[in-house]
Amino acid sequence: MVLASVTCSAPVNIAVIKYWGKRDEKLILPLNSSLSGTLHQDDLKTTTTIVASESFTEDALWLNGKKEDINAVRYQNVLNAIRSRATKLTDKKHFVHIASINNFPTAAGLASSASGYCCLVFTLAQLYGVDGDISAIARMGSGSACRSMFGGFVKWEMGQKEDGSDSVAIQVQPEQHWPEMNIIVLVVNDKKKETSSTDGMQKSAATSVMMKERCAVTVPQRMKDIEEAIKNKDFETFGDITMKDSDDFHEVCATTTPPIYYLNDTSRYIINLINRYNKASGSIKCAYTFDAGPNACVYLPKDNVVEVLSLFLKHFPGQDISTYYRGPKENIAAI
Ligand code: 2P0
């Protein structure tokens, strides 16, 4: 007999201060704090349905229609953490079936694991009646997932404790704060990346000479400065830090042994184009950032959208260029 069913959706987030490197692989505790903007749940998102039934004989999970191994350690960590805090369904022997769908390319550097694990944990929490912070549980699925728990601008505090209880997501500013901020995504390549983030960051942490300074000095200062810039809606500073952190992150990857290259020629063309355009404009009109893949995410104030879109369309005719408005709307939602 079906006991309960819940469907939720959760958006991706686009980091402006990048998370790269773990100090604890099992609990997923980062080597540095990070900060991102969350898209709306009706833009790039994951939708997850979970059904609990007494007639199921095992837990099972499908991602974009393909059955996944639910016994994988991250799924089990998340399921166990939620079930240990359950206030519902505790008196009935049951299993769950989980179906999760992304409306964008999976594992192409568009933060699919962020919206995926955020949505999984949020939906499980609804099903099992779990209250309080659940970002630390999402973090155990995939680090960046904790930041999708909130809308607006969100930081993931690296925390100090060994058990990870203070390594949680905190909303820096809500959706309503900077409604003029938009994001343009240029999908350069929707293929699955060669080096997963999990592997890549492990190799960088072990071998890149840039990691120590980045974690100890550069990122802590940038976290402070960008929080202040967001508070003051200071796009010049926000854009400058965003592009610097993206450049540094890819430099960390390039100085990893063996080197990791997520950007391709088109990505580099976009970087040059935006730098030239900003220079010619005499101020920062838009700011690129690239995650572990070649696709560009461009933050920009609404007033600059038409001009920047025209620029991209001139240089990339026929390209998949999508614009996402980030003003006030609900973040995660039950459907
Ligand atoms: C970020 N990325 O802050 C950075 C920027 C990629 C580059 O978070 O091992 O998929 O699952 O914790 O969360 C990608 O890392 O890695 C990521 P795991 P995750 O958005």
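Helices (H or I, at least four residues) and strands (E, at least two) are DSSP runs, numbered from the N terminus. Keep that in mind, as every stop on this tour uses those labels. Residues are numbered from 1 along each chain as its sequence is written. The model is predicted, so local features need pLDDT of at least 70, side-chain atom pairs count only at pLDDT 80 or more, and totals for chains, interfaces and linings use all residues.

**Stop 1: K233**

Select K233. This residue is found in the loop between α5 (211–231) and α6. Is K233 buried or exposed, or something in between? A residue is buried if 20 or more other C-beta atoms lie within 10 Å of its own, exposed if 12 or fewer, and partly exposed in between, with C-beta atoms placed from the backbone. K233 has 13 C-beta neighbours inside 10 Å, so it counts as partly exposed.

**Stop 2: N64**

Go to N64, in the loop between β7 (60–63) and β8 (66–68). Phi of N64 is also positive, near 50°, and N64 is not a glycine. Around N64, 15 other C-beta atoms lie within 10 Å, so N64 is partly exposed.

**Stop 3: P258**

Now select T257 and P258. The peptide bond from T257 to P258 is cis, with omega near -10°. P258 sits in the loop between α6 (235–254) and α7 (265–281).

**Stop 4: N189**

Select N189, in the loop between β12 and α4 (197–207). N189 has 15 other C-beta atoms within 10 Å, so it is partly exposed. N189 and T266 are 77 residues apart in sequence, yet their C-alpha atoms are 9.4 Å apart in space.

**Stop 5: strand β14**

Select residues 296–301, which form strand β14. Five of its six residues are buried, so β14 is largely enclosed by the rest of the structure.

Which strands pair with β14? Two strands pair if DSSP finds at least two bridges between them. One partner is β12 (residues 181–186), antiparallel to β14 over six bridges. To see one of these links, find M181, whose bridge partner in β14 is P301. Another partner is β13 (residues 287–290), also antiparallel, over four bridges. Here A287 stands opposite Y299, and Y288 has V298 as its bridge partner. Trace the chain from β13 to β14: the two form a hairpin with five residues between them.

Stay on β13 and turn the view. A287 and T289 lie on one side, Y288 and F290 on the other, and all are buried.

**Stop 6: C286**

Step back to C286, in the loop between α7 and β13. C286 has 26 C-beta neighbours inside 10 Å, so it counts as buried. Two residues are in contact if their C-beta atoms, placed from the backbone, lie within 7 Å. Leaving aside neighbours within four places in sequence, C286 is in contact with I274, V298, Y299, L300, N304 and V308. C286 and V121 are 165 residues apart in sequence and 33 Å apart in space, C-alpha to C-alpha.

**Stop 7: the nonpolar core**

In soluble globular proteins, nonpolar side chains tend to be buried together. A nonpolar core is a set of buried Ala, Val, Leu, Ile, Met, Phe, Trp, Tyr and Cys residues joined through C-beta atoms within 7 Å. The largest one here has 88 residues. Select I82, C118, V121, A138, I226 and V298, which have the most contacts inside this core. Helix α2 (residues 112–128) gives the most to this core, with 11 residues.

Zoom in on I82. Not counting residues up to four places away in sequence, I82 touches V121, L124, A125, Y128, V130 and I137.

**Stop 8: an open sheet**

Show β2, β5, β10 and β11. These four strands form an open sheet in the order β2-β5-β10-β11, with antiparallel pairing. The edge strands are β2 (13–17) and β11 (169–173), and each pairs on one side only. Four bridges join β2 to β5 (residues 34–38). In one of the pairs, I14 has G37 in β5 as its bridge partner.

**Last stop: the ligand**

Which residues are closest to the ligand? They are A15, Y19, S142, G143 and S144, among the 15 that surround it (a residue is near if its C-beta atom, placed from the backbone, lies within 6 Å).
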